[in-house]
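Thanks, everyone. I'll go through one structure today, helix by helix, then the core. Please have the sequence and the model on screen.

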Amino acid sequence: MPGGRLTQQERQQIALGLADGLPYAEIARRIDRPTSTVTREVMRNGGPAGYRADLAHRATERRTQRRRQAAPRDAQASARADGRDAEAVRAYEESFATVLIQSGMPKMMARVQASISLTDEGSLTAAELARRLQVSPASISKAIAFLEGQGFVRRERDERRRERYVVDDDIWYESTMASARALLQIVETARQGVEVLGRGTPAAARLENIARFLDFVSESNARAAEQAREVLHMKPGGSSDGTAADTAEPGPERA
């Protein structure tokens, strides 16, 4: 399987595959690339409907040039200090953002969310985000406003009185509960439709089945989130209170 950056010819093949309605996995197989590579390429260059091979190629060249020009020394030093492969982390961050985009989060918001989530501190300032993502402060401000409204980030002041954007351990719990509440709104609306359309009619029966299904899913998701919430606070290699997790099988009892 080849490595390195996509060539212009490969991008043209991706565009042809999208035009033919092929899934990402099939396109990836045809150009002998990982499916994740094709997914990232498409999602950060207009999506399935807006992807253009020539525009994507030029955009990649511009990003590469900006990285070479910027090459922030502090970021390079940080990568050396924590022992991580900077290129591997950057690629993973793009993959994480792509998954968030596919789940429905807007592109810039997904990039900001991924960037904050992958820091050990779980927080970044607006200036740090703008520098890491090579975007304008206005883009960061708009993304943060959206993420804050959805409960994905919160603001706090550090010791230097700078505003930092923080990812809480509970964000996925809060997101799951918000989703469960949204489903309940659909349930309520569907059941109102049953009365409007008349019980016993095919349309009303369809709505009643939708309501039953989503009611069950909402309740199950909320219950599972409550039961699993402590997992979000577990320490690496231990339990939620920081003690080592005992996973060993019980041995024979001694007399």
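First, a definition: helices are DSSP runs of H or I with at least four residues, strands are runs of E with at least two, and numbering goes from the N terminus. This is a predicted model, so local features need pLDDT of at least 70 and side-chain atom pairs count only at pLDDT 80 or more, while totals for chains, interfaces and linings use all residues. Residues are numbered from 1 along each chain as its sequence is written, and side-chain values use heavy atoms, with hydrogens and water left out.

Start with H11. After this helix comes glycine 198, with a positive phi near 95°. H11 covers residues 171-197, 27 residues in all. From first C-alpha to last it reaches 39 Å, close to the 39 Å expected at 1.5 Å a residue. That expected span is 1.5 Å times one less than the number of residues.

Which residues of H11 are buried? Ile171, Tyr173, Met177, Ala180, Leu183, Val187, Ala190, Gly193 and Val194 are. Buried means under 20% relative accessible area, exposed over 50%, and partly exposed in between, with a 1.4 Å probe and protein chains only. An α-helix has 3.6 residues a turn, so residues three or four places apart point the same way. The cover over the buried residues of H11 includes helix H8 (107-117) and helix H12 (202-228).

Next, H7, residues 86-102. Its 17 residues should span 24 Å at 1.5 Å a residue, and the end C-alpha atoms are 25 Å apart, which agrees. At its start, a side-chain oxygen of aspartate 85 reaches to within 3.0 Å of the backbone nitrogen of glutamate 87. Glu93, Phe96, Ala97, Thr98, Leu100 and Ile101 are buried in H7. Helix H3 (35-43), H8, helix H9 (126-133) and H11 are among what covers them. Glycine 104 follows H7, with a positive phi near 120°.

Most residues other than glycine have a negative phi, and most peptide bonds are trans. Aspartate 32 has a positive phi of about 60°. It sits in the loop between helix H2 (24-31) and H3. Its relative accessibility is 38%, so aspartate 32 counts as partly exposed. Glutamine 134 has a phi near 55°. This residue lies in the loop between H9 and helix H10 (137-149). At 35% relative accessibility, glutamine 134 is partly exposed.

On to the core. A nonpolar core is a set of buried Ala, Val, Leu, Ile, Met, Phe, Trp, Tyr and Cys residues joined through side-chain atoms within 4.5 Å. The largest one has 36 residues. Ile14, Val38, Val112, Ile116, Leu129 and Ile144 have the most contacts inside it. Helix H1 (8-19), H2, H3, H7, H8, H9 and H10 each give two or more residues. H8 gives the largest share, six residues.

Look at isoleucine 14. Contact means heavy atoms within 4.5 Å. Leaving aside neighbours within four places in sequence, isoleucine 14 is in contact with Leu6, Ile27, Ile31, Val38, Glu41, Val42 and Tyr51.

Is glutamate 41 buried or exposed? Glutamate 41, in helix H3, is buried, at a relative accessible area of 1%. With the neighbours within four places set aside, glutamate 41 is in contact with Leu6, Arg11, Ile14, Tyr51 and Ala56.

Last, where do H1 and H2 meet? Glu10, Gln13, Ile14, Gly17 and Leu18 in H1 meet Tyr24, Ile27, Arg30 and Ile31 in H2.

Notes
A polar contact is a pair of N or O atoms within 3.5 Å; within protein, one must be able to donate a hydrogen and the other to accept it, and residues adjacent in sequence count only if both atoms are side-chain atoms.
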